[in-house]
Amino acid sequence: MRSEKTYMVNQIVAGLTESDYVYFISFQGLKVKDFSGLRDQLVNVNANCHVYKNKLIRKAVELNNIEALKDVAFAGDVAMVFGKGDPGAVAKVIVEFGKSNELVQAKGGLFESAALTPAEIADIAALPSKDILQAQLLGVLQAPARNLVSILNNKAASILNVLNAYKDKLEK
C-alpha cells in the first residue's frame, strides 16, 4: 500500500479506536453547500466528519478486527462522523439534518465496541441530552432524602398544630 493510503488507514483506525462513538452516514447527491452546513453543525457539537474511500474504511476495519462493523454496507458516498463526548447530541444533528434533507441517512455506527443500526442511532437521538439525564438521575437520588425530610417536617408541624389548638382552647 502506498504511504498516502497507509496514512489515511491509520487516521481511520485512530478515529475508530480512540473515539467514544462513530457514525457512518450516506450523503449521495447532497450539494457541497449543504454538506458544509452539516459539517458546521457537527463541529458545534464537537464531532469530526471526514469522507474516506469505502475501500480504506473496510481495510481499517479488517486490520483492527472490528467484528461489529463487518456488516455495515460501505457503498456509495459515506462519511465517518466521530468524536468524544455526548453521542446523543451528534446523533440528534444527523437525524434532524436527515429530516430536512433526505439525502443524508445514518448507515450504522459503533458505540462502546457494539454495532449500531440506523434505528438505534435514531433511538439515541431521541434520548435527552447527557446533562438532562444526569439531572434526572440526581433528582431520583435526592428524592428519598427529600421525602424523609418532608415527612419528618409534617409530623413536627402536626404536633405543633395540636399544641397551638390546645393553647387556643385554653385561652377561650
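Reader: Is S19 buried or exposed?
Author: This is a predicted model, in which local features need pLDDT of at least 70, side-chain atom pairs count only at pLDDT 80 or more, and totals for chains, interfaces and linings use all residues. Residues are numbered from 1 along each chain as its sequence is written, and side-chain values use heavy atoms, with hydrogens and water left out. Buried means under 20% relative accessible area, exposed over 50%, and partly exposed in between (1.4 Å probe, protein chains only). S19 has 16% relative accessibility, so it counts as buried.

Reader: Which residues does S19 touch, not counting residues up to four places away in sequence?
Author: S19 lies in the loop between α1 and β1. Helices (H or I, at least four residues) and strands (E, at least two) are DSSP runs, numbered from the N terminus. Contact means heavy atoms within 4.5 Å. Leaving out residues up to four places away in sequence, S19 touches A14, F82, G83 and K84.

Reader: In what order do the five strands form the open sheet?
Author: Two strands pair if DSSP finds at least two bridges between them. The pairing here is antiparallel, and the order is β2-β3-β1-β4-β5.

Reader: Which are the edge strands?
Author: An edge strand in this sheet pairs on one side only. The two are β2 (47-51) and β5 (114-116).

Reader: What is the bridge partner of F24 in β4?
Author: Strands β1 (residues 21-26) and β4 (residues 105-111) run antiparallel, joined by six bridges. In β4, the partner of F24 is G108.

Reader: How do α4 and α5 lie relative to each other?
Author: Axes are lines fitted to C-alpha atoms, for helices over the stretch in contact, and angles run from 0 to 180 degrees between N-to-C directions. The angle between α4 and helix α5 (residues 118-126) is about 110 degrees, with their axes 7 Å apart. Angles under 35 degrees count as roughly parallel, over 145 as roughly antiparallel, 65 to 115 as roughly perpendicular and the rest as oblique. Therefore α4 and α5 are roughly perpendicular.

Reader: Which residues of α5 does α4 meet?
Author: On the α4 side, the residues are P87, G88, A91, K92 and V95. In α5 they meet I121, A122, I124, A125 and A126.

Reader: Is N46 buried or exposed?
Author: N46 is found in the loop between α2 (32-44) and β2. Its phi is near 60 degrees, a positive value in a residue other than glycine. N46 has 59% relative accessibility, so it counts as exposed.
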